[in-house]
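User: I would like to learn how to read the contacts between chains in a model such as this one. Could you take me through them step by step?
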There are 4 protein chains.
Amino acid sequence: MSDVSAVKAALKSQVIETPSWGYGNSGTRFKVFAQPGVPRDPFEKLADASQVHAHTGVAPKVSLHIPWDRVEDYAALTRYAGDLGLRIGAINSNVFQDDDFKLGSVTHPDPKVRRKATDHLLECVDIMDATGSPDLKLWFSDGTNYPGQDDIAGRQDRLAEALAEVYERLGDDQRMLLEYKLFEPAFYTTDVPDWGTSYAHCLKLGPKAQVVVDTGHHAPGTNIEFIVAFLLREGKLGAFDFNSRFYADDDLMAGAADPFQLFRIMHEVVKNGGLEAGTNVNFMLDQCHNIEAKIPAVIRSVTNVQEATAKALLIDAEALSEAQRSGDVLASNGVLMDAFNTDVRPLLAEVREELGLARDPFAAYLASGNQERIAADRVGGEQAGWGA
Amino acid sequence: MSDVSAVKAALKSQVIETPSWGYGNSGTRFKVFAQPGVPRDPFEKLADASQVHAHTGVAPKVSLHIPWDRVEDYAALTRYAGDLGLRIGAINSNVFQDDDFKLGSVTHPDPKVRRKATDHLLECVDIMDATGSPDLKLWFSDGTNYPGQDDIAGRQDRLAEALAEVYERLGDDQRMLLEYKLFEPAFYTTDVPDWGTSYAHCLKLGPKAQVVVDTGHHAPGTNIEFIVAFLLREGKLGAFDFNSRFYADDDLMAGAADPFQLFRIMHEVVKNGGLEAGTNVNFMLDQCHNIEAKIPAVIRSVTNVQEATAKALLIDAEALSEAQRSGDVLASNGVLMDAFNTDVRPLLAEVREELGLARDPFAAYLASGNQERIAADRVGGEQAGWGA
Amino acid sequence: MSDVSAVKAALKSQVIETPSWGYGNSGTRFKVFAQPGVPRDPFEKLADASQVHAHTGVAPKVSLHIPWDRVEDYAALTRYAGDLGLRIGAINSNVFQDDDFKLGSVTHPDPKVRRKATDHLLECVDIMDATGSPDLKLWFSDGTNYPGQDDIAGRQDRLAEALAEVYERLGDDQRMLLEYKLFEPAFYTTDVPDWGTSYAHCLKLGPKAQVVVDTGHHAPGTNIEFIVAFLLREGKLGAFDFNSRFYADDDLMAGAADPFQLFRIMHEVVKNGGLEAGTNVNFMLDQCHNIEAKIPAVIRSVTNVQEATAKALLIDAEALSEAQRSGDVLASNGVLMDAFNTDVRPLLAEVREELGLARDPFAAYLASGNQERIAADRVGGEQAGWGA
Amino acid sequence: MSDVSAVKAALKSQVIETPSWGYGNSGTRFKVFAQPGVPRDPFEKLADASQVHAHTGVAPKVSLHIPWDRVEDYAALTRYAGDLGLRIGAINSNVFQDDDFKLGSVTHPDPKVRRKATDHLLECVDIMDATGSPDLKLWFSDGTNYPGQDDIAGRQDRLAEALAEVYERLGDDQRMLLEYKLFEPAFYTTDVPDWGTSYAHCLKLGPKAQVVVDTGHHAPGTNIEFIVAFLLREGKLGAFDFNSRFYADDDLMAGAADPFQLFRIMHEVVKNGGLEAGTNVNFMLDQCHNIEAKIPAVIRSVTNVQEATAKALLIDAEALSEAQRSGDVLASNGVLMDAFNTDVRPLLAEVREELGLARDPFAAYLASGNQERIAADRVGGEQAGWGA
């Protein structure tokens, strides 16, 4: 895409959805370190998300996590979001923290537990209705820790049954996004461990079911951009959960561990139409800011995704295609690397300026005084985290 | 399966197919070490395979690899197999060793190369007709080494087109087995890198297309038995390529690196009906005996698969199911481990005795003098290997 | 070791140390599921450990974790252990849960935090003095999450300085055991990530410093038994932290995920003198029983280690050595596999009978009523876990 | 290093050594695809290397591989190198392609084979004397494929003995560089599998023995820059073998698979004095250009290393150190990323211009007509490859 104005237009129209839980405390099984100024409720999380949007201009949507973001009055929460210039994104279900779910939720051997889990998923669709959320995002921690612990194929039957019931409940403009994950918290089998499993279920469910690619949920060596290209070709890529990792599901800031991989992923997105309006790929973040300040970390993650997108848009598609057709390995690789090696920060600064924003959102946020303000204001109460 | 006679019957009816190339020389990119007595042509490979069958009683089928096993007269080869008590198993295509295939075969950017590759696949179906082989096994080394080298989704289009043409050519009792592999020889993308990709293509092709699980072709940490259970549940598990690995596609003897994994795989096979006659799962070996004597190595691999199968058959299915239903993690794991910890060598010795064979096929083969005989006889000529 | 009585004697003399925290609650970052009957204090943990020893006869030592097991009166705790037939094993330091340690402990950029961390280590030596513990076990979660976050080499300097100070404080019969871990909770660098780093520090410190091999702390594909053999050859293997894993630091029961690996490890231990009295290798468990009952899980882990040890002891060392010398790959591998394929449960049952114990400690424990007793008795109070 | 002229001076003084075998044919175990114009002998390999140096100005040294580069008259070869503006770099031993080495070389169970292997290493020192090479580079494929195949610790004894003998033979200005590799061609144990093993042997040998870090020889997830920092701190980093990989030892062009990793490695090199004259780290390439044109691939690899070095030199060391000291995670990471995100191609173009070279060595080489020339000239004879 050699036309700079087209590149800029694409960058202005990309929407990056941020997760409410990214503003709360998180950690590892060893320790959750609290931070000053962390929100105490969903309203404060939205306020933080609005800071990210105010400085980047591309983050108007916020994912909620139920029950962490359960409120009495979803209409009020939705109005509050609107007042902040935000709208509610995906509703994320949580069927992994109730004591009943120790051995699984929708795949649990006990039908009573499965009923409870499915009911929670249906409740999430109710919340979609109430908030205008278009996406039900399903991640199941279901699995087993020991060989023999449960019946692998039997659990697939139970999973399929629950998904079908929830799929039926979806409205016309609602879709189901099914996430996969190699392992953790289950350590032997996971019931949706890879894209193939998610894809197979989505295929049977129908067009409203699509796959979520969380960039931290793969086995070492997995080529994620291949999966992205494959799913786009099949019309089955629903969303990304962006984050980055060196080892397992590290949940570091997107683009922090392997910016070249993020660029390659965005290249496949651009190449296969994933940035076009009708394709409807949701670019979400899903991260943990365990030791770094949270709002600035989300801002950097957003700009990292933008930089990867900008580089992907700058690839000379014609030259690439010509080199590929002629079988010139070094030339085709060179076209890609030329774009990657370009410093796109000035281009993005211009894009922001044209949107009436500061050229450097990270610096602008730090200079805004917001971080000090929330640290001073949000005293008392219980800080939000994965448990609340 | 607590009934010992039923266990024995199942063990007697299991067929393990051995690969013609397992009797030839193999190695790494660093060196192929030749061994004395290695066959010089497909007839001698069949002779070696017949030794394995003669001593184990469960290996009457031999996979061929074209062009390595190309002969003038396939009827003669098939008759020779029959004389040895063997029959021809899967026909394995080879579209990775012609100079034209440097950048791919059926996914190559150049349509002339794709035509050549597809023609080779069609030739393999001709050989199936000529030999009575029921299975066309397809492994594609196709892929790329560098980001940008070729169009990932475009290569899927080309792959789908070639597979469809070959699928059309299959006879009523012939099927297509599509193998996947994470990497090697391609080092950036591989066009069929995982079971999901193979499954998606097979699904579109139709019921005669099924997935091959090569136990050495996964990313670290992949739970292979999950894939086995999933594919059996979908009726899409066509075959195994058994071998074992500590690192990548090491192609060591089946059961040598992780006998517990092999047992878990066979548990899923047994549990999900994969040993039953109608299911038609082909239990093939696909290995390289780089430094060990080849015929004895194949014999040990066969007995390793048998031992894993025997242990899987000994699992107390009722107790397992009961423990799973009640959510007793330690009890259900314990049922599985009881079977694994059982020494099944005496049981298998009995099975062999009942078949009129020696109790220990490995020792019996070594005592037979065959190894010395072929070393003395097979002098001159060119030893078979991956290149010939 | 063909002499059965010698094998039995070795099995009777092996000591397996269990961790106090293995009896408490544990989980993942997603959820800690509580269990009935979990101990509320270090005394109750010792009571649970005494159950394991009572039924297995080989687990008289218990590792403590400070501050989780901090008590007013260590003499009283030590006496209580003695009354239960136990003694205090390794003292495990904890410099990862104080808010000051968010960016590191002994490697923290701030010298005040390093002082605090080192003081904690010195306190642990005091507790060794008070309890008669011979081993200071050091695991540092220290590391960084992002490239550039801190100075990798500078952190090594700080680590070396702290270790030297603590080493100086050790008494004549006390040693320092330095554990390594690839990652978690740090996700970019870990300051002691591999055996090489631990070994290099121990070498500089002196003979009282030795390496701990936690079987769950390696990169995928790492050959752990190689490390064990190497460290024994160097006199630098201080201890094991046994557990098992399919993916990362899963902390499953020892021997549950890969019993063949555990056997290979124990083969190197036996082969290289690690079971002999003077060698002083500490066989510790370090596990999390997130979803299974804890005391029975520890018992099964102990018996799994025993079974692997028994099989290793049964290897025909002379035949193995002869086959190795002659370069007979299949024969030498066969000698090893013969031992592995042996069912050693009857042998271990005899060993237990000779020790005056029940033949099956797992079943005996379940029949003892203890599990029901502690569930009924231990009501109220706060259950012990990683945080307390 | 904010002073641009200092950065340029450092870039001009960095020497990148290229491997003679990188100009020959290579491939995988599946197929070696020949290329037109590939050299037939060591003299032609030097001619190719001189092209790389002529266009980049930083590649005056060439590694030889014995016996692949064995010649009658090493003085003549050395003179020829000199005439081309080159000098001989490391001498690489090869003890993996003789039939005797099937089960090992210096660690083989048979002392006669060990003697033969050690003699080859001593011959390599003779060649160092004859060519002025300062570095003996040792990579051992030695290892085993099956558990029990040989005695792990015994092989360490044999390795130590051979290394000591060769070390004794080194002249005052010669050193031994000991490479490690996780696996391949050995698939169970490798005798020098990791940096710890290499380091431990080098430490015992003395100051002339140092470790080689091949960037493709690690387990998945290994933090290579940690190892680099650690070895530089210990004065034990002798050399790099640069290449890149997505999976195993893929041997792709340096910087092609993970340019951010290469940058992080070069940051540790710069930070820990590895670019300074006295440190004497040898920056070698060790790659396979299986499908791409070889000379241009080496040129791109050289410029990739230069770009990573330039970015590392541009890091604001003072700002980084200040942010690290203050524990500001996002700021310190930001300083690093600022340098990485900089487009350094214009700076390197200036450096080349100041050296009297073309700004773009890749384009200049392609325009030079050399590739067409060698393809036309080098007809007949046997192309060089790993086997010759």
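User: How many salt bridges are there between chain A and chain C?

Analyst: This is a predicted model, in which local features need pLDDT of at least 70 and side-chain atom pairs count only at pLDDT 80 or more, while totals for chains, interfaces and linings use all residues. Residues are numbered from 1 along each chain as its sequence is written, chains are lettered from A and ligands numbered from 1 in the order in which they are written, and side-chain values use heavy atoms, with hydrogens and water left out. A salt bridge is a side-chain nitrogen of Lys or Arg within 4 Å of a carboxyl oxygen of Asp or Glu, and between chain A and chain C the count is 8. One of the salt bridges in the model joins the side chains of Arg29(A) and Asp249(C), at 2.7 Å from N to O.

User: What is the area buried between chain A and chain C?

Analyst: The size of an interface is often given as the accessible area lost when the parts come together. Here the term means the accessible area (1.4 Å probe) that two parts lose on being put together, summed over both; for chain A and chain C this is about 4000 Å², with carbon and sulfur atoms giving 64% of it. Arg29(A), Phe30(A) and Tyr146(A) supply 22% of the area that chain A buries against chain C, more than any other three residues.

User: Which residues of chain B lose the most area to chain A?

Analyst: Chain B and chain A bury about 4100 Å² between them, 62% of it on carbon and sulfur atoms. On the side of chain B, Phe226(B), Arg233(B) and Gln324(B) lose the most, together 15% of what that side buries. The interface of chain B and chain A holds 6 salt bridges, and Arg233(A) forms a salt bridge with Asp157(B), whose closest N and O atoms are 2.6 Å apart.

User: Which residues have the most contacts inside the largest nonpolar core?

Analyst: In soluble globular proteins, nonpolar side chains tend to be buried together. A nonpolar core is a set of buried (under 20% relative accessible area, 1.4 Å probe, protein chains only) Ala, Val, Leu, Ile, Met, Phe, Trp, Tyr and Cys residues joined through side-chain atoms within 4.5 Å. The largest has 388 residues, and those with the most contacts inside it are Phe240(A), Phe240(B), Phe240(C) and Phe240(D). Leaving aside neighbours within four places in sequence, Phe240(C) is in contact (heavy atoms within 4.5 Å) with residues including Val212(C), Ile265(C) and Phe283(C).

Methods
Buried means under 20% relative accessible area, exposed over 50%, partly exposed in between (1.4 Å probe, protein chains only).
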